[in-house]
Amino acid sequence: MQRVKRFQQRKVSVARIAVYAIGGNALSSPVPEEVDTSSEVLAHVMSDVIDLLEAGWGVVLTHGNGPQVGHLMKLDAEQTQSMDAWVAATQGMIAHSLALNLDSILHRRRRPERTACVMTRVLVDGDDSGFQYPTKPVGPVLTPELVMSADWDIAETVQGPRRVVASPLPMKVIDLPVIQKLVELHAVVICGGGGGIPIVKRQEHYAGVPAVIDKDRLSALLAIELEADALIISTAIDAVRTDFGGENEKTHHQLSLDECELYLEQGEFPAGSMAPKIGSLMEAALHRPGLSAILCQPGDALLALRGEAGTTIVV
(Lines give C-alpha, C1' and ligand atoms only; values in the text may rest on other atoms or scores of the structure.)
Protein backbone atom coordinates (compact mmCIF):
# COMPACT_ATOMS: atom_id res chain seq x y z
CA MET A 1 0.00 0.00 0.00
CA GLN A 2 2.83 2.37 0.80
CA ARG A 3 4.37 1.82 -2.64
CA VAL A 4 1.05 2.59 -4.36
CA LYS A 5 0.62 5.67 -2.22
CA ARG A 6 4.08 6.97 -3.10
CA PHE A 7 3.34 6.43 -6.82
CA GLN A 8 0.07 8.34 -6.54
CA GLN A 9 1.74 11.24 -4.80
CA ARG A 10 4.42 11.37 -7.49
CA LYS A 11 1.79 11.29 -10.23
CA VAL A 12 0.01 14.30 -8.73
CA SER A 13 3.29 16.21 -8.23
CA VAL A 14 3.13 17.75 -11.73
CA ALA A 15 0.79 20.39 -10.39
CA ARG A 16 1.16 22.69 -13.38
CA ILE A 17 1.50 22.03 -17.12
CA ALA A 18 3.00 24.47 -19.61
CA VAL A 19 2.55 24.15 -23.37
CA TYR A 20 5.61 25.83 -24.88
CA ALA A 21 5.56 26.66 -28.61
CA ILE A 22 8.85 26.96 -30.52
CA GLY A 23 9.00 28.72 -33.89
CA GLY A 24 10.40 26.80 -36.86
CA ASN A 25 13.00 29.49 -37.46
CA ALA A 26 14.40 28.83 -33.98
CA LEU A 27 15.36 25.36 -35.16
CA SER A 28 16.95 26.06 -38.53
CA SER A 29 17.78 29.17 -40.52
CA PRO A 30 15.40 29.29 -43.53
CA VAL A 31 17.89 31.28 -45.61
CA PRO A 32 21.18 29.37 -46.08
CA GLU A 33 23.25 32.43 -46.99
CA GLU A 34 22.28 34.25 -43.77
CA VAL A 35 24.09 33.76 -40.46
CA ASP A 36 22.39 30.87 -38.70
CA THR A 37 21.53 31.96 -35.17
CA SER A 38 19.33 28.93 -34.51
CA SER A 39 21.83 27.20 -32.20
CA GLU A 40 21.88 30.23 -29.91
CA VAL A 41 18.08 30.50 -29.95
CA LEU A 42 17.73 26.77 -29.31
CA ALA A 43 20.07 27.06 -26.30
CA HIS A 44 17.68 29.66 -24.83
CA VAL A 45 14.71 27.33 -25.52
CA MET A 46 16.46 24.46 -23.73
CA SER A 47 17.22 26.81 -20.83
CA ASP A 48 13.52 27.68 -20.62
CA VAL A 49 12.56 24.01 -20.47
CA ILE A 50 15.04 23.26 -17.69
CA ASP A 51 13.96 26.37 -15.76
CA LEU A 52 10.31 25.29 -15.99
CA LEU A 53 11.09 21.74 -14.86
CA GLU A 54 13.13 22.97 -11.91
CA ALA A 55 10.24 25.25 -10.95
CA GLY A 56 7.92 22.23 -10.83
CA TRP A 57 6.22 22.55 -14.20
CA GLY A 58 5.43 19.71 -16.56
CA VAL A 59 6.36 20.73 -20.12
CA VAL A 60 4.79 19.94 -23.49
CA LEU A 61 6.76 21.27 -26.48
CA THR A 62 5.24 22.12 -29.84
CA HIS A 63 7.23 23.45 -32.77
CA GLY A 64 7.04 24.97 -36.22
CA ASN A 65 8.41 23.32 -39.36
CA GLY A 66 8.17 25.92 -42.13
CA PRO A 67 11.86 26.10 -43.13
CA GLN A 68 12.33 22.36 -42.78
CA VAL A 69 9.30 21.26 -44.78
CA GLY A 70 10.16 23.85 -47.43
CA HIS A 71 13.65 22.38 -47.73
CA LEU A 72 12.33 18.83 -48.16
CA MET A 73 9.78 19.92 -50.74
CA LYS A 74 12.55 21.67 -52.68
CA LEU A 75 14.44 18.37 -52.88
CA ASP A 76 11.32 16.74 -54.30
CA ALA A 77 10.81 19.24 -57.11
CA GLU A 78 7.67 17.58 -58.47
CA GLN A 79 6.34 17.08 -54.93
CA THR A 80 5.46 13.42 -55.34
CA GLN A 81 4.88 13.07 -51.59
CA SER A 82 1.60 14.25 -50.11
CA MET A 83 1.57 17.36 -47.91
CA ASP A 84 0.55 15.46 -44.78
CA ALA A 85 3.49 13.08 -45.33
CA TRP A 86 5.92 16.02 -45.40
CA VAL A 87 4.49 17.31 -42.13
CA ALA A 88 4.86 13.85 -40.61
CA ALA A 89 8.45 13.58 -41.86
CA THR A 90 9.49 16.92 -40.37
CA GLN A 91 7.74 16.08 -37.10
CA GLY A 92 9.99 13.05 -36.76
CA MET A 93 13.18 14.84 -37.83
CA ILE A 94 12.73 17.87 -35.58
CA ALA A 95 11.45 15.90 -32.57
CA HIS A 96 14.45 13.56 -32.84
CA SER A 97 16.85 16.50 -32.83
CA LEU A 98 15.11 18.24 -29.93
CA ALA A 99 14.97 15.02 -27.92
CA LEU A 100 18.68 14.31 -28.34
CA ASN A 101 19.49 17.84 -27.24
CA LEU A 102 17.17 17.88 -24.27
CA ASP A 103 17.89 14.35 -23.02
CA SER A 104 21.61 15.16 -23.02
CA ILE A 105 20.99 18.22 -20.84
CA LEU A 106 18.64 16.33 -18.51
CA HIS A 107 21.24 13.59 -18.11
CA ARG A 108 24.01 16.09 -17.32
CA ARG A 109 21.75 17.84 -14.81
CA ARG A 110 20.86 14.48 -13.24
CA ARG A 111 17.18 15.23 -13.64
CA PRO A 112 14.72 12.30 -13.70
CA GLU A 113 12.66 13.44 -16.71
CA ARG A 114 13.13 12.09 -20.22
CA THR A 115 11.64 13.15 -23.51
CA ALA A 116 8.87 11.45 -25.47
CA CYS A 117 8.12 12.23 -29.12
CA VAL A 118 4.55 11.83 -30.36
CA MET A 119 3.61 11.86 -34.04
CA THR A 120 0.54 14.06 -33.69
CA ARG A 121 -2.49 13.83 -35.94
CA VAL A 122 -5.01 16.65 -35.88
CA LEU A 123 -8.56 16.46 -37.14
CA VAL A 124 -9.74 19.30 -39.38
CA ASP A 125 -13.07 19.98 -41.08
CA GLY A 126 -13.05 18.80 -44.69
CA ASP A 127 -15.58 21.56 -45.43
CA ASP A 128 -13.36 24.29 -43.96
CA SER A 129 -13.42 27.30 -46.31
CA GLY A 130 -9.62 27.10 -46.53
CA PHE A 131 -9.93 24.11 -48.85
CA GLN A 132 -12.02 26.15 -51.29
CA TYR A 133 -9.72 29.17 -51.13
CA PRO A 134 -6.20 27.96 -50.26
CA THR A 135 -3.79 30.79 -49.41
CA LYS A 136 -0.87 29.24 -47.47
CA PRO A 137 2.33 29.18 -49.62
CA VAL A 138 4.40 26.00 -49.26
CA GLY A 139 7.56 24.71 -50.86
CA PRO A 140 9.94 26.44 -53.27
CA VAL A 141 9.33 28.92 -56.07
CA LEU A 142 8.02 26.92 -59.04
CA THR A 143 9.56 26.68 -62.48
CA PRO A 144 7.45 27.78 -65.48
CA GLU A 145 7.22 24.10 -66.51
CA LEU A 146 5.75 23.10 -63.16
CA VAL A 147 3.37 26.05 -63.16
CA MET A 148 1.98 24.81 -66.48
CA SER A 149 1.88 21.11 -65.68
CA ALA A 150 1.21 20.72 -61.95
CA ASP A 151 -2.32 20.03 -60.76
CA TRP A 152 -2.06 22.35 -57.72
CA ASP A 153 -3.43 25.64 -56.52
CA ILE A 154 -0.71 28.17 -57.35
CA ALA A 155 -0.43 31.82 -56.35
CA GLU A 156 1.99 34.60 -57.24
CA THR A 157 3.99 35.58 -54.15
CA VAL A 158 6.74 38.15 -53.57
CA GLN A 159 9.29 35.41 -54.29
CA GLY A 160 7.47 34.13 -57.37
CA PRO A 161 4.83 31.45 -58.14
CA ARG A 162 4.38 28.95 -55.31
CA ARG A 163 1.99 26.19 -54.43
CA VAL A 164 -0.70 27.19 -51.93
CA VAL A 165 -2.68 24.91 -49.63
CA ALA A 166 -5.45 25.27 -47.08
CA SER A 167 -4.78 26.40 -43.52
CA PRO A 168 -7.83 25.02 -41.68
CA LEU A 169 -8.53 25.47 -37.99
CA PRO A 170 -7.64 22.47 -35.81
CA MET A 171 -10.68 20.70 -34.33
CA LYS A 172 -9.34 17.80 -32.28
CA VAL A 173 -5.96 16.34 -31.31
CA ILE A 174 -6.37 12.65 -32.13
CA ASP A 175 -3.37 11.61 -30.03
CA LEU A 176 -4.38 13.59 -26.93
CA PRO A 177 -4.82 10.53 -24.63
CA VAL A 178 -1.24 9.42 -25.38
CA ILE A 179 0.11 12.90 -24.67
CA GLN A 180 -1.87 13.09 -21.42
CA LYS A 181 -0.52 9.75 -20.21
CA LEU A 182 3.08 10.74 -21.01
CA VAL A 183 2.65 14.01 -19.09
CA GLU A 184 1.42 11.98 -16.11
CA LEU A 185 4.61 9.91 -16.39
CA HIS A 186 6.70 13.10 -16.11
CA ALA A 187 7.94 13.02 -19.70
CA VAL A 188 8.80 16.21 -21.55
CA VAL A 189 6.49 15.61 -24.51
CA ILE A 190 7.47 16.87 -27.97
CA CYS A 191 4.37 16.89 -30.16
CA GLY A 192 2.19 18.88 -32.56
CA GLY A 193 5.07 19.63 -34.92
CA GLY A 194 4.14 21.97 -37.78
CA GLY A 195 0.63 22.34 -36.34
CA GLY A 196 0.07 18.59 -36.48
CA ILE A 197 -0.54 16.17 -39.35
CA PRO A 198 -3.81 17.35 -40.93
CA ILE A 199 -6.43 14.64 -41.33
CA VAL A 200 -10.13 14.46 -42.08
CA LYS A 201 -12.66 11.76 -41.25
CA ARG A 202 -14.44 10.27 -44.24
CA GLN A 203 -17.17 7.94 -43.08
CA GLU A 204 -15.23 5.65 -40.70
CA HIS A 205 -11.75 6.28 -42.11
CA TYR A 206 -9.09 8.91 -41.46
CA ALA A 207 -7.24 10.40 -44.43
CA GLY A 208 -4.44 12.93 -44.73
CA VAL A 209 -5.14 16.16 -46.60
CA PRO A 210 -2.97 18.80 -48.32
CA ALA A 211 -3.03 21.49 -45.66
CA VAL A 212 -0.93 23.29 -43.06
CA ILE A 213 -2.37 23.93 -39.62
CA ASP A 214 -1.08 27.00 -37.82
CA LYS A 215 1.31 25.86 -35.08
CA ASP A 216 0.12 28.47 -32.58
CA ARG A 217 -3.56 27.64 -33.13
CA LEU A 218 -2.77 23.99 -32.51
CA SER A 219 -0.78 24.90 -29.38
CA ALA A 220 -3.80 26.79 -28.02
CA LEU A 221 -6.11 23.84 -28.68
CA LEU A 222 -3.63 21.50 -27.01
CA ALA A 223 -3.37 23.78 -23.96
CA ILE A 224 -7.17 23.82 -23.65
CA GLU A 225 -7.60 20.05 -24.12
CA LEU A 226 -4.73 19.24 -21.73
CA GLU A 227 -6.19 21.66 -19.18
CA ALA A 228 -2.77 23.29 -19.06
CA ASP A 229 -1.89 26.14 -16.72
CA ALA A 230 0.22 28.11 -19.20
CA LEU A 231 0.57 28.62 -22.94
CA ILE A 232 3.93 30.15 -23.78
CA ILE A 233 4.54 31.23 -27.37
CA SER A 234 8.22 32.01 -27.85
CA THR A 235 9.13 34.31 -30.71
CA ALA A 236 11.79 36.72 -31.92
CA ILE A 237 10.54 39.75 -29.96
CA ASP A 238 10.68 40.27 -26.21
CA ALA A 239 7.10 41.61 -25.91
CA VAL A 240 4.09 42.71 -27.97
CA ARG A 241 4.38 46.17 -29.53
CA THR A 242 1.90 48.45 -31.23
CA ASP A 243 2.88 50.96 -33.94
CA PHE A 244 5.89 48.71 -34.41
CA GLY A 245 8.81 50.71 -35.83
CA GLY A 246 6.76 53.93 -35.77
CA GLU A 247 7.02 57.15 -33.78
CA ASN A 248 4.43 55.99 -31.26
CA GLU A 249 5.78 52.48 -30.75
CA LYS A 250 4.61 51.09 -27.42
CA THR A 251 5.59 47.93 -25.57
CA HIS A 252 2.78 46.08 -23.81
CA HIS A 253 3.57 43.75 -20.92
CA GLN A 254 -0.12 43.06 -20.35
CA LEU A 255 -3.07 43.17 -22.73
CA SER A 256 -6.75 42.50 -22.08
CA LEU A 257 -8.90 40.56 -24.53
CA ASP A 258 -10.71 43.78 -25.44
CA GLU A 259 -7.43 45.55 -26.18
CA CYS A 260 -6.30 42.63 -28.33
CA GLU A 261 -9.56 42.76 -30.30
CA LEU A 262 -9.17 46.49 -30.84
CA TYR A 263 -5.56 46.23 -32.03
CA LEU A 264 -6.44 43.34 -34.34
CA GLU A 265 -9.23 45.42 -35.90
CA GLN A 266 -6.82 48.32 -36.33
CA GLY A 267 -4.36 46.08 -38.17
CA GLU A 268 -1.63 46.38 -35.54
CA PHE A 269 -0.88 42.66 -35.74
CA PRO A 270 -0.11 41.42 -39.28
CA ALA A 271 -1.99 38.34 -40.46
CA GLY A 272 1.19 36.52 -41.45
CA SER A 273 3.04 36.97 -38.17
CA MET A 274 1.60 38.35 -34.93
CA ALA A 275 -2.14 37.95 -35.54
CA PRO A 276 -2.18 34.11 -35.23
CA LYS A 277 -0.04 34.29 -32.09
CA ILE A 278 -2.26 36.89 -30.41
CA GLY A 279 -5.40 35.08 -31.56
CA SER A 280 -4.13 31.78 -30.18
CA LEU A 281 -3.27 33.30 -26.80
CA MET A 282 -6.70 34.93 -26.67
CA GLU A 283 -8.39 31.61 -27.47
CA ALA A 284 -6.53 29.77 -24.72
CA ALA A 285 -7.12 32.52 -22.13
CA LEU A 286 -10.82 32.68 -22.97
CA HIS A 287 -11.49 28.92 -22.84
CA ARG A 288 -9.16 28.05 -19.97
CA PRO A 289 -9.81 30.46 -17.07
CA GLY A 290 -6.71 30.98 -14.94
CA LEU A 291 -4.31 29.95 -17.70
CA SER A 292 -1.24 32.18 -18.15
CA ALA A 293 -1.25 33.17 -21.85
CA ILE A 294 2.20 34.53 -22.60
CA LEU A 295 4.29 35.72 -25.53
CA CYS A 296 8.00 36.13 -24.89
CA GLN A 297 11.43 35.59 -26.42
CA PRO A 298 13.28 32.31 -25.82
CA GLY A 299 15.06 32.43 -22.47
CA ASP A 300 12.42 34.56 -20.75
CA ALA A 301 9.73 31.95 -20.00
CA LEU A 302 10.09 31.85 -16.22
CA LEU A 303 10.45 35.63 -15.97
CA ALA A 304 7.33 36.02 -18.12
CA LEU A 305 5.36 33.66 -15.87
CA ARG A 306 6.33 35.92 -12.98
CA GLY A 307 5.18 38.99 -14.90
CA GLU A 308 8.72 40.33 -15.27
CA ALA A 309 9.09 39.88 -19.05
CA GLY A 310 7.09 39.24 -22.22
CA THR A 311 3.40 39.99 -22.65
CA THR A 312 0.54 38.33 -20.77
CA ILE A 313 -3.00 38.24 -22.19
CA VAL A 314 -5.56 38.63 -19.42
CA VAL A 315 -9.31 38.04 -19.42
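Author: Let us begin with a pair of residues: isoleucine 22 stands opposite histidine 63 in strand E2. Please keep in mind throughout that this is a predicted model.

Reader: What makes E1 and E2 a pair of strands, and in which sense do they pair?

Author: Two strands count as a pair if at least two bridges are found between them. E1 and E2 have seven bridges and run in the parallel sense, so by that cut-off they are paired. E1 is also joined to E12, again in parallel, by four bridges, and alanine 18 stands opposite alanine 230 in E12.

Reader: Which sheet do these strands belong to, and in what order do the strands lie in it?

Author: They belong to an open sheet of eight strands with mixed pairing, whose order is E3-E9-E2-E1-E12-E16-E17-E15. On average, neighbouring strands of this sheet are turned by 20 degrees against each other, if direction is ignored.

Reader: Why are E3 and E15 called edge strands?

Author: Strand E3 (115–117) and strand E15 (254–256) each pair on one side only, and this is what the name edge strand refers to here.

Reader: Why is threonine 312 called buried, when its relative accessible area is 17%?

Author: The word buried applies to anything under 20% relative accessible area, and threonine 312, with 17%, therefore counts as buried. Threonine 312 is placed in strand E17, and, leaving out residues up to four places away in sequence, it touches His253, Gln254, Leu255, Ala293, Ile294 and Ala304.

Reader: Is serine 280 buried or exposed, and how do you know?

Author: Serine 280 has a relative accessibility of 0%, so it counts as buried. This residue is found in helix H10, and its contacts, not counting residues up to four places away in sequence, are with Asp214, Asp216, Arg217, Ala220, Leu231 and Ile233.

Reader: Which residues of helix H7 are buried, and why are they said to lie on the same side?

Author: In H7, which spans residues 176–184, the buried residues include Leu176, Ile179 and Val183. They cover an arc of only 65 degrees around the axis, and this puts them on the same side of H7. In general, an α-helix has 3.6 residues a turn, so residues three or four places apart point the same way.

Reader: What covers that side of H7, and which strands does the helix lie across?

Author: The cover over the buried residues of H7 includes strands E1 (16–22), E2 (57–63), E8 (170–173) and E9 (188–190), together with helix H8 (215–225). H7 lies across E1, E2, E3 and E9, and runs at about 155 degrees to E9. Another helix, H9, packs on the sheet and touches E15 and strand E17 (311–314), its direction making about 85 degrees with that of E15.

Reader: What is the largest nonpolar core, and which residues have the most contacts inside it?

Author: The largest nonpolar core has 46 residues, and those with the most contacts inside it are Val60, Ile179, Val189, Leu222, Leu231 and Ile313. H10 gives the most to this core, with seven residues. Apart from it lies another core, of 29 residues, among them Ile94, Ala230, Ile294 and Leu302.

Reader: How do you know that leucine 106 is buried, and what does it touch?

Author: Leucine 106 has a relative accessible area of 0%, so it is buried, and its place is in helix H4 (residues 83–108). Leaving out residues up to four places away in sequence, leucine 106 touches Ile50, Leu53, Arg111, Glu113 and Arg114.

Methods:
Residues are numbered from 1 along each chain as its sequence is written. This is a predicted model: local features need pLDDT of at least 70, side-chain atom pairs count only at pLDDT 80 or more; totals for chains, interfaces and linings use all residues. Side-chain values use heavy atoms; hydrogens and water are left out. Buried means under 20% relative accessible area, exposed over 50%, partly exposed in between (1.4 Å probe, protein chains only). Helices (H or I, at least four residues) and strands (E, at least two) are DSSP runs, numbered from the N terminus. The arc is that of the directions from the helix axis to the C-beta atoms. Contact means heavy atoms within 4.5 Å. A nonpolar core is a set of buried Ala, Val, Leu, Ile, Met, Phe, Trp, Tyr and Cys residues joined through side-chain atoms within 4.5 Å. Axes are lines fitted to C-alpha atoms, for helices over the stretch in contact, and angles run from 0 to 180 degrees between N-to-C directions.
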